[in-house]
Amino acid sequence: MKRSRRVILWFRNDLRLHDNESLTDAIDIGAEILPVYIFDERIFKGHTSLGFEKTGRFRTKFIIESVANLRENLRKRGADLIIRIGKPEEIIFEIARQVKSNWVFCNRERTAEEVKVQDRLEKNLWSIGQELRYGRGKMLYYTSDLPFPVNQTPDTFTNFRKEVERIVQVRPPLPTPDYIPYIHSDIDPGPLPKLSDFGKSEVEIHHIENKMFAGGEDAGLAQLKYYFWDNKLVSRYKETRNELLGWDFSSKFSAWLASGCLSPKMIYAELHKFEQRVKKNESTYWLFFELLWRDFFRLMGKKHGNKIFCFSGTRGVDIKAKTDWDKFRLWANGNTGMPFVDANMRQLNATGFMSNRGRQNVASYLVKDLGVNWLMGAEYFESLLIDYDPCSNYGNWNYIAGVGSDPREDRYFNIPVQARRYDPECAFTRYWMPELGHFSNHELFEGFVQTINEPDRKYRVEVNHG
Ligand SMILES: Cc1cc2nc3c(=O)[nH]c(=O)nc-3n(C[C@H](O)[C@H](O)[C@H](O)COP(=O)(O)OP(=O)(O)OC[C@H]3O[C@@H](n4cnc5c(N)ncnc54)[C@H](O)[C@@H]3O)c2cc1C
């Protein structure tokens, strides 16, 4: 086939060849393709408004690995990946001019910083008679399949779930192409960057918790196979999902989902196959249920726009909190004196990962016990999490801070009660805080803090770790 159409395929948070709508569309229109990935210097070298690294070393490493794997898989199919560090709207514009492409295809982002970049690129492309075309594929569902317009998405998860789960079918994932028609040009593919190119130090892989968070589509698909088919762990997910210590208690799909190495539709298709061939039970349903949360928060981001990043949240609630750096630092460094909170924060600091149970508890502790501005916690998570996703992170923080989509206004995680229930032998706490090993379980549950009264709020202050 003679191919006269030329498409630059801009990979963003869709670092995969399976179920990639932009890639499929470009092939379907018979175009020659130039795949490109830009490490946006603002994201990989920049800082959040409070001064944290915007992308910490765990996620940076994961994404470098993911981009390396993407290039490998493209090369196996006759193509390559152009890799650069800089501003996508400038670099892609230059490449588009050089190769005289017709379009840039990419996955559409919906959160403010990403939208700004795609809008700037689109404007630049117009000046040379080219266009940006968007693909979809971040969610389980296509918004056009939903039984309501996006701006009328129910604001509580239960209502959302009930409206979609019985009516809307998840579409099958798009296939991985065997061959990708490539635009051969004299453009240098460019080297894969190292952590040091972004001013970050090497990551020491933690020998248990972190061993399998290897970036890339291949590693993501391998984890899917491991969790579903090799070990059938999904068949007891509902009973294990709140555990804290180890690798197997939950799917660990989040990092691959956030970078787009795994497509949610691919997970769903495999889950469906598993239910037909092996077992269908409450656990298999529950994994689907959790993936629905991910869609829900993305839809909240679409519906409420920048409100998810604002102090008063999607509901515009007038809350009180302090930007208290002293208390924040105790929390962030795992030094609050509440071992259950501190152990979780130390895990985050050492690995870039924390369980869902841990995230709920530490977030609640920061906001409800320490009375600290939730945005500080959310930005810290943004920096550190290996699986950071703007809608999931800020949506969950909105929820815990009581400014989001939680129908309960008084949700509070009582740390000693939670520690007793979810870490009954203190195995997790002792693992991350071996220096506290000689304390009794009771002491570890209750913690080493004093409660003092202030006129307007009860809060806890550190004394010391005994
Ligand atoms: C304060 C806070 C911040 C969070 N920030 C993020 C974030 O930045 N990125 C992120 O992916 N998740 C975030 N979560 C949700 C959740 O904690 C993680 O998705 C989960 O712990 C990842 O582990 P897993 O893949 O083993 O999850 P599993 O329990 O195996 O769940 C399967 C998948 O379902 C989705 N999921 C599960 N729970 C949630 C949830 N509450 N909200 C949205 N999606 C969910 C994830 O994609 C997850 O990979 C946050 C939760 C809290 C309370």
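Start by selecting residues 374-384, helix H15, and residues 390-401, helix H16: their axes come within 10 Å and cross at roughly 150°. Because angles over 145 degrees count as roughly antiparallel, H15 is roughly antiparallel to H16. The crossing of H15 past H16 is right-handed. Bear in mind throughout that this is a predicted model.

Next, show the side chains where these helices meet. On H15, pick Trp374, Gly377, Ala378, Phe381 and Glu382; on H16, pick Asn393, Tyr394, Trp397 and Ala401. Coloured by type, the residues of this contact split into six nonpolar, two polar and one charged.

Now move to the sheet. It is open and has five strands, ordered S3-S2-S1-S4-S5, with parallel pairing. To find its edges, select 82-86 for strand S3 and 131-135 for strand S5, each of which pairs on one side only. Neighbouring strands in this sheet are turned by 30° against each other on average, direction ignored.

Inside the sheet, select residues 6-11 for strand S1 and residues 103-107 for strand S4; this parallel pair is joined over four bridges. Centre on Leu9, which stands opposite Phe105 in S4.

Finish with residues 112-126, helix H5, which lies across S2, S4 and S5. Viewed against S5, helix H5 runs at about 140°.

Notes. Residues are numbered from 1 along each chain as its sequence is written. This is a predicted model: local features need pLDDT of at least 70, side-chain atom pairs count only at pLDDT 80 or more; totals for chains, interfaces and linings use all residues. Two strands pair if DSSP finds at least two bridges between them. Helices (H or I, at least four residues) and strands (E, at least two) are DSSP runs, numbered from the N terminus. Axes are lines fitted to C-alpha atoms, for helices over the stretch in contact, and angles run from 0 to 180 degrees between N-to-C directions. Two residues are in contact if their C-beta atoms, placed from the backbone, lie within 7 Å. Angles under 35 degrees count as roughly parallel, over 145 as roughly antiparallel, 65 to 115 as roughly perpendicular and the rest as oblique. A crossing is left-handed if the near helix is turned anticlockwise from the far one by less than a right angle, and right-handed if clockwise. Ala, Val, Leu, Ile, Met, Phe, Trp, Tyr, Cys and Pro count as nonpolar, Asp, Glu, Lys and Arg as charged, and the others, Gly among them, as polar.
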